Amino acid sequence: MSLVRVEHLSKRFGQVEAIKEISFQVEEGEFVVLLGPSGCGKTTTLRCIAGLEVPDSGRIFFDQEDVTDLGPAARNIAFVFQLYALYPHLSVYDNVAFPLRAEGLPKEEVEKRTEEVLKFLQIDGIKHQKPRKLTGGQRQRVALGRAIVRRPRVFLLDEPLSNIDAKLREITRGELKKLQRSIKATTIYVTHDQVEAMTMADKIVVMNFGDVQQIGSPHEVYHYPANLFVARFIGSPGMNFIPGELLQKERLGVIINGSYFIPLEEEQLRAMEKQDTSRKVILGVRPENIALTEEGTIKAEVYVFEPLGAENVVTFKIDGHLVKAVLPGDIYLSSGEIVNLHFKEIRIFDAQTEKLVA
Ligand code: ATP
């Protein structure tokens, strides 16, 4: 498997700038997800890496080799669109052996490599069965087997789970991640689904309008979103945003609605020292970081109470602003009730640039 490096890649379709000078690196064996809304340039990026699209500028490297001018066949990649698309009339064995036979490899070589992969993926016991007899998980293994039997340098997957139902998708996510780790396959996976990205990726490249917004681990993009776009795109229910102003009291904090003061953490104060930020900011707080408290500084009215069993989603009204909180399932509140709230782990964004400040 190879390391993949994309440098300043750009591609236009007429007036549309599908991708604009994007750069990122995928380490050998790493699982990288390209995540973003429809039309942000994910598929174009993947197709450029596959050699199915010619970039206007920029370079693509597999290890030290510049592959930008190579055709798709010479790149030795496996491009998987749907993990369930198997040849229905062929057995498991023949599905996996298919790419090797298509390449015209000698019979013994085909047999050796096919058996190896079947064993490795633990599907050798079902090798004579046809796809319709298989469970979803088994089909996925066969599809992966067919992709890895060629020993590609990199796996490219474009929304491979989009056509399966939600329950199966949940199971498949876990299986796929496990398999990817075990074969240490360098993988680039395109999706618009932030849950898929968060659960499977080692590293997420968040894109919007052909630009890279942030590159980071799931933990980084969730807890330290680089800007309001990333903060909004990741997490469900999404992060709450409240306009405020920086204010120096005993320590620096944010005042919202001119009345509620929330002091910054030490780490945030240090981050603030290094930047020149306008006074106008947006305070961001994730729903799970809002708690009820006896003597909180923020008074709120219960607006909507949605019990989900294990937890409750509660929409509060803080003066004019609606804010969603995820509270433990054993807390019951009724509409109109007035409570005190405490915000933990707040994030501060510059109101003008929309970038994370602290
Ligand atoms: P989706 O999930 O909807 O496929 P995406 O993030 O993968 O979205 P791309 O398919 O890469 O986005 O498209 C990026 C932009 O380039 C879009 O505005 C799209 O309409 C445009 N585009 C992509 N391919 C072509 C093409 N062959 N001809 C013209 N425009 C294209």
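Author: A residue is called buried when its relative accessible area is under 20%, exposed when that area is over 50%, and partly exposed in between, with a 1.4 Å probe and protein chains only. Buried residues account for 50% of the 358 residues in the chain. The model is predicted, so local features need pLDDT of at least 70 and side-chain atom pairs count only at pLDDT 80 or more, while totals for chains, interfaces and linings use all residues. Residues are numbered from 1 along each chain as its sequence is written, and side-chain values use heavy atoms, with hydrogens and water left out.

The chain contains ten helices and 20 strands; these are DSSP runs numbered from the N terminus, helices being H or I of at least four residues and strands E of at least two. Along the principal axes, the C-alpha atoms fill a box of roughly 80 × 45 × 35 Å.

Now to the empty spaces themselves. Rolling a probe the size of a water molecule over the atoms shows where empty space is left. On a 1 Å grid over the protein atoms alone, a cavity is a set of points where a 1.4 Å probe fits but cannot get out, whereas a pocket is an open set with protein on both sides within 12 Å along at least five of seven lines; lining residues have an atom within 4 Å of a point. Grid points are joined across faces, edges and corners, and a volume is the space filled by probe spheres set on the points.

The largest pocket holds about 370 Å³ of space. It is lined by 15 residues, of which F79, P99, R146, A147 and R150 are the closest to its centre. Strand 6 (77–80), helix 3 (92–102) and helix 5 (136–148) are the elements that give two or more residues to this lining. By class, the pocket lining has eleven nonpolar, one polar and three charged residues. In this scheme Ala, Val, Leu, Ile, Met, Phe, Trp, Tyr, Cys and Pro are nonpolar, Asp, Glu, Lys and Arg are charged, and the others, Gly among them, are polar.

Two residues can be followed through their contacts, a contact meaning heavy atoms within 4.5 Å. A50, in helix 1 (residues 42–50), counts as buried because its relative accessibility is 0%. Apart from neighbours within four places in sequence, A50 is in contact with P72, R75, I77, F79 and L156. R113 belongs to helix 4 (residues 107–120) and is buried, with a relative accessible area of 10%. With neighbours within four places in sequence again set aside, R113 is in contact with L100, L105, V149, R150 and R151.

The structure also has two cavities of 30 Å³ or more. The largest cavity holds about 70 Å³ of space, and its lining consists of F31, L144, F155, L157, L176, L179, Q180, I183, A185 and T187.

Y222, H223, M239, R286, E345 and R347 line the second largest cavity; by class they are two nonpolar, one polar and three charged residues.
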